[in-house]
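Please look through the structure shown below together with this briefing, which is written for someone meeting it for the first time. The points that follow are grouped by topic.

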Amino acid sequence: MFIYDCNPVVSHNTIVQNRCTSASSVGGGIYVNSGGSYSGVNNIIYYNEAAYGEQWYGEPLLDYSCCSQELAGTGNIVADPLLADPAGFDFNLRWGSPCIDAGDPLSPPDPDSTRADMGALYYHQYTATENVPGITNPGEFTLYPAYPNPFNPTTTISYQLSTNSPVYLSVYDVSGRQVAELVNGYREAGAHEVTFNGSELASGIYIYHLTSGGFTESGKMVLVK
């Protein structure tokens, strides 16, 4: 993105996979020249390359955005956005992406009625009133999104096993500290669900992690009090 002598608001953009290959190149993702500036919310700026200023040239005024380097502002995160397949130009978010439900809380909600995601493409989270693909298919190992999410103080985590298996389902805070062990034992094939109660925890982002045989998967949920 080239910004010249103007002050655009850059919001809900996914700026990735841009490469400036010359030895003097600057601003792989965003380049600001001649008195310009840019601001905005809910952006992803990642996987860009340049000789100087890989992600941007010119200090941005961004909030609630995901970048690969530290950025002043509110609600910004430095983390891999976990895009579906950036090399194949699929810039959708994968489940478990830190960008899900991490956008500006004052932004309009996503079409699935959850908090705004970061980036141009939101991740659709199935709700309890929808038919979740695979929920009755006994041939799949699946971990489903917690519902409701965000939640206060309880939410339900559903999973499905293709065979009788040992199951370990735990919850962690963003520092990696385990805050709850929900399942630790043998379970039969089929659909299962467990309730997580966060009444004794602080508001914030929590990760639930399921391991069963060779299957492992994680999801993110937000406790809001």
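**Briefing on the predicted model**

Pro-148 is placed in the loop between β12 and β13 (154–161), where strands (E, at least two residues) and helices (H or I, at least four residues) are DSSP runs numbered from the N terminus. This is a predicted model, in which local features need pLDDT of at least 70 and side-chain atom pairs count only at pLDDT 80 or more, while totals for chains, interfaces and linings use all residues. Residues are numbered from 1 along each chain as its sequence is written, and side-chain values use heavy atoms, with hydrogens and water left out.

**Peptide bonds and backbone angles**

- The peptide bond that leads from Tyr-147 to Pro-148 is cis, with omega near 0°.
- Asn-149 and Pro-150 are also joined by a cis peptide bond, for which omega is about 5°, and Pro-150 has its place in the loop between β12 and β13.
- Tyr-64, in the loop between β7 (61–63) and β8, has a phi near 45°, which is a positive value in a residue other than glycine; with a relative accessibility of 17%, Tyr-64 counts as buried (buried means under 20% relative accessible area, exposed over 50%, and partly exposed in between, with a 1.4 Å probe and protein chains only).
- Asp-101, found in the loop between β11 and β12, has a positive phi near 60°, again in a residue other than glycine, and at 3% relative accessibility Asp-101 counts as buried.

**The chain as a whole**

- The chain contains zero helices and 18 strands, and buried residues make up 41% of its 225 residues.
- Of the contacts in the chain with a separation of 6 or more, 54% are between residues 24 or more positions apart, a contact being heavy atoms within 4.5 Å.

**Strand pairing**

- Strand β14 (residues 165–173) pairs with strand β15 (residues 178–187) in the antiparallel sense over eight bridges, given that two strands pair if DSSP finds at least two bridges between them.
- Within this pairing, Val-167 has Gly-185 in β15 as its bridge partner, and the hairpin of β14 and β15 has four residues between the strands, with Gly-176 taking a positive phi near 95°.
- β14 also pairs with strand β17 (residues 204–212), in the antiparallel sense and over six bridges, and there Val-171 stands opposite Tyr-208 in β17.
- An open sheet of four strands with parallel pairing has the order β2-β5-β8-β9, and its edge strands, each of which pairs on one side only, are β2 (14–16) and β9 (77–78).
- In this sheet, strand β8 (residues 66–67) and β9 run parallel and are joined by two bridges, with Cys-66 standing opposite Ile-77 in β9.

**Cysteines**

- The structure holds zero disulfides, a disulfide being a pair of cysteine sulfur atoms within 2.5 Å.
- Cys-67 is in no disulfide, and the nearest cysteine sulfur, that of Cys-66, is 6.5 Å away; Cys-67 is buried, with a relative accessible area of 0%.
- The sulfur of Cys-99 lies 3.8 Å from the closest cysteine sulfur, in Cys-66, which is too far for a bond, and at 0% relative accessibility Cys-99 counts as buried.

**Aromatic pairs and the salt bridge**

- The count of aromatic pairs comes to three, where rings of Phe, Tyr and Trp (its six-membered ring) pair if their centres lie within 6.5 Å, and planes under 30 degrees apart count as stacked, over 60 as edge-to-face and the rest as tilted.
- One of these pairs, formed by Phe-89 and Phe-91, is edge-to-face, at 6.3 Å centre to centre with 90° between the planes; Phe-89 is exposed, with a relative accessible area of 64%, whereas Phe-91 is partly exposed at 21%.
- Another pair, formed by Phe-141 and Phe-215, is stacked, at 5.6 Å centre to centre with 15° between the planes, and this pair links distant parts of the chain, 74 residues apart, with Phe-141 in the loop between β11 (90–93) and β12 (142–143) and Phe-215 in strand β18 (residues 215–223).
- A search of the whole structure finds one salt bridge, meaning a side-chain nitrogen of Lys or Arg within 4 Å of a carboxyl oxygen of Asp or Glu.
- This salt bridge is formed by Asp-173 and Arg-177, whose closest N and O atoms are 3.1 Å apart, and Asp-173 counts as buried at 13% relative accessibility.
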